[in-house]
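Biologist: I am new to this structure and would like to learn how to read it, feature by feature. Could you take me through it slowly?

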Amino acid sequence: MATALVFNDYGGPETQELIDRQSPAPGPGEIAIEVKAAGVNPADWKLREGLLGENGQLPAPLGLEASGVVTAVGDGVEDFAVGDEVLGLVAEGHGGFAQHTVLTASKTVVKPEEISFADAATIPVAGATAYDVTHQVELEPGQSLLLLGAAGGIGLMAAQIGKVHEFTVIGVAGIADQKLVESTGATFIESGDGAADRVRQVAPEGVDLIVDLVGGRPLRDMAPLAKSPQNVISTVDETTVQELGGAAVVRTTEALEKITDVIKYGLVDPHVRARFPLTDAPEAMAAVETGHLAGKVVVEP
């Protein structure tokens, strides 16, 4: 038997429960792992709330990304073997906040020894997304990248990727995270009322690319700063960004391997800021749901 965090109905934290279940076996194209760490993302609580649909089978496990050690491989899997250290996306119907889970082999890579399990667990969702949003529009060195929500897990990694490519990075975040955002090499802009005017002061001619990790009003306020409307990309608000002439992030298959290599060589730090034991997984979810915790949160069985 193995412990896992599930939710029994769509709604708030009260629907969550730690349960004991049989260690899952991998199906075709899947690998089973002993979980060493699992990344916590806003999508986890949005899934539980039903904001991403209410069609899943209940109780439903939580946790989209994990790192660990392979314990079994399913039919058709040739790239992994028992004992491999890996990181990847959790297979449908399984969850990362668990002692044992199942990953989709095609969305998994071997974990380099230079990367800790905690950092590795942040790469499949946040890391890969940061890679995709900074490569969807090709910028040249010296061109400007404006990040809305720069202190979150995706934002901090996107800012560092921008530095690697020698972009001029401007990061919008809460005042409490100024030093953290500036540590990536970005120019900090305080979020809230008047933020667009503050960006104009440092980029009077506009910016070459806007990456939105917030959505809603901040996206609407900042979008006019883009030199070209189609160079506004959102990871969270597809409806609004398309209405404004921009685009939602396009997920690519190569992003996971590419960003893993970048992190392996120390060019990007995932900024894991809080680590919770599996028994405190609900608290880890709550920490992310408040939206006030910068960087990444992981759960460690």
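Biologist: What do the side chains of arginine 217 and aspartate 221 form where they meet?

Modeller: Side chains of opposite charge can pair when their charged atoms come close. Here the side chains of arginine 217 and aspartate 221 meet in a salt bridge, 3.3 Å from N to O, the term being used for a side-chain nitrogen of Lys or Arg within 4 Å of a carboxyl oxygen of Asp or Glu. This is a predicted model, in which local features need pLDDT of at least 70 and side-chain atom pairs count only at pLDDT 80 or more, while totals for chains, interfaces and linings use all residues. Residues are numbered from 1 along each chain as its sequence is written, and side-chain values use heavy atoms, with hydrogens and water left out.

Biologist: Where do arginine 217 and aspartate 221 lie?

Modeller: An α-helix has 3.6 residues a turn, so residues three or four places apart point the same way. Both arginine 217 and aspartate 221 lie in helix H7, four residues apart, about one turn of the helix; helices (H or I, at least four residues) and strands (E, at least two) are DSSP runs, numbered from the N terminus.

Biologist: Is arginine 217 buried or exposed?

Modeller: Arginine 217 counts as exposed at 56% relative accessibility, whereas aspartate 221, at 36%, counts as partly exposed. Buried means under 20% relative accessible area, exposed over 50%, and partly exposed in between, with a 1.4 Å probe and protein chains only.

Biologist: Which residue forms a salt bridge with lysine 111?

Modeller: That partner is glutamate 85, the closest N and O atoms being 3.5 Å apart. The pair links distant parts of the chain, 26 residues apart, with glutamate 85 in strand E6 and lysine 111 in the loop between strand E7 and helix H2. Glutamate 85 is partly exposed at 33% relative accessible area, but lysine 111 counts as buried at 7%. The charged end of lysine 111 also sits over the ring of phenylalanine 117, 4.7 Å from its centre, a description that requires NZ of Lys or CZ of Arg within 6 Å of the ring centre and within 35 degrees of the ring normal.

Biologist: How many salt bridges does a search of the whole structure find?

Modeller: The search finds 11 salt bridges. One of them joins glutamate 300 and arginine 275, with the closest N and O atoms 2.8 Å apart, and this pair links distant parts of the chain, glutamate 300 being in strand E15 and arginine 275 in strand E14.
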